[in-house]
Amino acid sequence: MSDSENQRNDAPNPNLSSWALWEQYTSGEELTRKQSEALTESLKSDDEFRHNVLAEQAVDQMLRMEAERPDQSEAFVARVLAKVASLETNQGISNSTSQSPIVKLLDPTQLENIKKDRQITRNEESILRRPRGAWLSIAALVLVSVTGVGYWYRNVHREQGSNRSIDLAEAPKGTESAADLTAELAPQQPFKESQMESVVDNGIAKSTPTNEPSVEPVVNPIVQGSNVVAVPQQTALATVTKAERLET
Amino acid sequence: MRTYHRDVRLFVARFLGNDPAAEDVAQEVFVQVHRSLDQFQGRASLKTWILSIARHRIGTWFRQQSRQLRTKSLDVEADLVQYRWQAFQREELAVGEGNQSGLDPDVELGQLRLCLQKLKPLQRELIQRFYFEDATAESISRLQGRSAGAVRMSLLRIREALAKCIRKQAAKVTHHE
């Protein structure tokens with residue numbers, strides 16, 4: 001503020017009587033009826049005085065705010081929170097699923113995220129408030145799904161178990177079931193040593209079964225078309241012949 | 001709330017002055033903020049939104065006061081409420097027309113600090129003692145060997161000078177914009 005301005009502030013005010021009355025009024029001193037009327041008239045007729053009075057009061061509040069200590073600020077916050085709390089109590093607001101609005105009032109960063117926060121809370125609440133029937137339906141659906149999967153798995157497992165004795169690489173073609181195949185297969189005896197001997201005795205193969213262990217596994221049944229048959233002798237012979245050729 | 005309570009209180013004080021109701025109105029603004037949290041859509045800043053609630057609450061208070069004061073005999077206080085309401089309506093009109101005549105409370109506070117620096121040392125000391133050290137006009141008057149009324153009058157004139165200084169600063173800001 002310049003010196004000329006300061007000098008002007010110290011200079012006698014033309015509206016000193018009005019300001020003096022105003023000072024008297026603001027200091028809490030009782031005004032006489034005449035004084036009160038004079039002040040009222042000044043405020044009414046003198047626009048500048050009225051404007052200055054209002055501005056001066058605003059500056060007074062600004063100075064008080066500027067000088068306010070943290071504990072005084074906290075007192076204001078506490079008073080507001082008490083008001084909000086009593087309001088909540090009166091209205092019976094108790095929302096345990098979302099954060100208390102008092103906390104939101106205290107934290108500006110949370111206030112900034114109110115919109116987002118509110119949306120999330122609404123979604124959560126909509127899930128939590130689903131009707132009981134909906135929950136039962138979901139549970140029933142899950143149960144049915146699990147049972148179905150279990151049944152399917154058991155069937156597949158049983159099929160695999162029954163087919164274990166069959167060479168899957170040569171799986172039967174046609175409509176015959178695995179059970180039928182097993183039943184048909186059961187009477188068949190493994191290729192006996194006597195049979196092999198007879199083959200040798202017929203002179204078709206010279207080698208003995210003991211010397212040619214590769215012949216022995218031919219005991220496995222071979223599935224041809226829709227019939228399961230024991231290894232025919234000719235097949236065994238062919239195998240032996242092949243082995244013989246290899247030897248030579 | 002800790003971030004914005006000063007803004008709200010300053011904003012309320014701009015229109016209500018040192019009316020004892022200013023504190024209550026500021027509190028009610030935050031209660032209203034709490035009630036209307038669901039309506040905040042983030043279009044404006046949170047501060048602007050809170051100050052718009054404050055503006056609305058101030059208008060409501062003035063209307064209530066106006067109704068109550070009509071039944072009472074006119075006195076200085078009643079006149080002041082009327083004048084403050086007129087000032088508020090002028091501000092509302094300016095805002096409605098897109099002319100933001102009112103300054104941001106924070107900016108206004110910054111201008112006050114600037115204007116405090118421009119005071120004469122004796123004036124600054126008086127402000128320091130009265131506002132920042134909680135001294136009374138009586139205790140200052142004893143120290144300075146003056147009457148309490150003279151001290152109060154000095155304080156009043158310093159505030160008037162500060163108000164003029166802030167107005168000048170605001171005019172400069174508006175001119176630059």
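Visitor: At what angle do helix α5 of chain A and helix α2 of chain B pack, and how far apart are their axes?
Guide: In this predicted model, α5 (residues 70-91) of chain A and α2 (residues 21-35) of chain B pack at about 50 degrees, with axes 10 Å apart. Axes are lines fitted to C-alpha atoms, for helices over the stretch in contact, and angles run from 0 to 180 degrees between N-to-C directions. Helices are DSSP runs of H or I with at least four residues, strands are runs of E with at least two, and both are numbered from the N terminus.

Visitor: What conventions apply to the numbering and the confidence limits?
Guide: Residues are numbered from 1 along each chain as its sequence is written, and chains are lettered from A and ligands numbered from 1 in the order in which they are written. Local features need pLDDT of at least 70, side-chain atom pairs count only at pLDDT 80 or more, and totals for chains, interfaces and linings use all residues, while side-chain values use heavy atoms, without hydrogens and water.

Visitor: Back to the helices: which residues of α5(A) and α2(B) are in contact?
Guide: With contact meaning heavy atoms within 4.5 Å, the residues of α5(A) include F76(A), R79(A) and V80(A), and those of α2(B) include E23(B), D24(B) and F30(B). The contact residues divide into seven nonpolar, two polar and seven charged. Here Ala, Val, Leu, Ile, Met, Phe, Trp, Tyr, Cys and Pro count as nonpolar, Asp, Glu, Lys and Arg as charged, and the others, Gly among them, as polar.

Visitor: How does α4 of chain A cross α1 of chain B?
Guide: The axes of α4 (residues 47-66) of chain A and α1 (residues 5-16) of chain B come within 8 Å and cross at roughly 160 degrees. That angle makes α4(A) roughly antiparallel to α1(B). Angles under 35 degrees count as roughly parallel, over 145 as roughly antiparallel, 65 to 115 as roughly perpendicular and the rest as oblique.

Visitor: Which residues meet there?
Guide: A58(A), Q61(A), M62(A), M65(A) and E66(A) meet R6(B), R9(B), L10(B), A13(B) and R14(B).

Visitor: How much area do the two chains bury between them?
Guide: Chain B and chain A bury about 6,300 Å², 62% of it on carbon and sulfur atoms. Buried area is the accessible area (1.4 Å probe) that two parts lose on being put together, summed over both. Each chain's share of the contact is 64 residues from chain B and 64 residues from chain A.

Visitor: How many salt bridges cross that interface?
Guide: Nine are found between chain B and chain A, taking a salt bridge as a side-chain nitrogen of Lys or Arg within 4 Å of a carboxyl oxygen of Asp or Glu. One example joins R159(B) and D60(A), at 3.7 Å from N to O. The whole structure has 24 salt bridges over all chains.

Visitor: Which residue pairs with E91(B)?
Guide: E91(B) forms a salt bridge with R14(B), the closest N and O atoms being 3.7 Å apart. E91(B) lies in helix α4 (residues 76-96) of chain B and R14(B) in α1 of chain B, so the pair ties together parts that are 77 residues apart in sequence.

Visitor: Changing topic, where is D134(B)?
Guide: D134(B) is in the loop between α6 (121-132) and α7 (137-144) of chain B. Phi of D134(B) is near 55 degrees, a positive value in a residue other than glycine.
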